[in-house]
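Open the model in your viewer and keep the selection tool at hand. We will go one selection at a time.

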Amino acid sequence: CFEIKKLCVTILVSASVLLAKFTDQELDTSIFVCAIIIVLFFYILDVQSYYYQGKIRSRMRRITKSLAQFSSSDKSETVDIDIIDDIFYGEVGDKWRRQKQACFNWSMLFYVVLLLLDIALLRFYQGGIIS
């Protein structure tokens with residue numbers, strides 16, 4: 001997910017430079033709209049990656065737990081991995097909780113900051129503060 005964020009910033013900068021070249025080095029509303037579209041696209045991509053990353057980690061924890069219980073000489077020993085899954089990822093079949101966790105977590109604050117910055121710059125441009 002960190003690589004997706006780095007790619008998002010790279011694409012934002014590249015697209016802004018390219019659009020500025022097409023608009024004769026003048027700011028245009030299209031630059032800001034393009035930035036919003038790019039940020040939203042990468043947000044959706046990151047949410048999807050986060051969701052499937054959580055599912056894979058949860059599955060790996062369950063496999064690790066069953067392997068540890070299978071290989072344990074004393075069957076009364078348990079590996080308490082379910083607690084981690086319940087707190088962070090929810091129950092195995094709890095899709096809604098996983099989706100909500102993927103959409104709204106501290107990692108996604110990056111996209112909120114980018115959107116707010118872009119919207120603020122757009123307002124400054126529309127208000128004539130920057131040109």
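Start with helix H5, residues 109–126. This is a predicted model. H5 has 18 residues. From its first C-alpha to its last it reaches 25 Å, close to the 26 Å expected at 1.5 Å a residue.

Next, select Tyr111, Leu114, Asp118 and Leu122 on H5 and show their side chains. These four are buried. Now turn the view to look down the axis of H5. The buried residues fall within an arc of 70°, so they line one face of the helix.

What do the buried residues of H5 pack against? Colour H1 and helix H2 (29–71) to see: the packing is against both.

Then step past the end of the helix. Gly128 follows H5, and its phi is positive, near 85°.

Now move to helix H1, residues 2–22, and select Lys5 within it. Is Lys5 buried or exposed? Lys5 has a relative accessible area of 10%. The cut-off for buried is under 20%, so Lys5 counts as buried.

Show what surrounds Lys5. Leaving out residues up to four places away in sequence, Lys5 touches Asp46, Ser107, Phe110 and Tyr111.

Finish with a distance label. Draw it between the side chains of Lys5 and Ser107, which make a polar contact at 2.9 Å.

Key
Residues are numbered from 1 along each chain as its sequence is written. This is a predicted model: local features need pLDDT of at least 70, side-chain atom pairs count only at pLDDT 80 or more; totals for chains, interfaces and linings use all residues. Side-chain values use heavy atoms; hydrogens and water are left out. Helices (H or I, at least four residues) and strands (E, at least two) are DSSP runs, numbered from the N terminus. Buried means under 20% relative accessible area, exposed over 50%, partly exposed in between (1.4 Å probe, protein chains only). A polar contact is a pair of N or O atoms within 3.5 Å; within protein, one must be able to donate a hydrogen and the other to accept it, and residues adjacent in sequence count only if both atoms are side-chain atoms. Contact means heavy atoms within 4.5 Å. The expected span of a helix is 1.5 Å times one less than its number of residues. The arc is that of the directions from the helix axis to the C-beta atoms.
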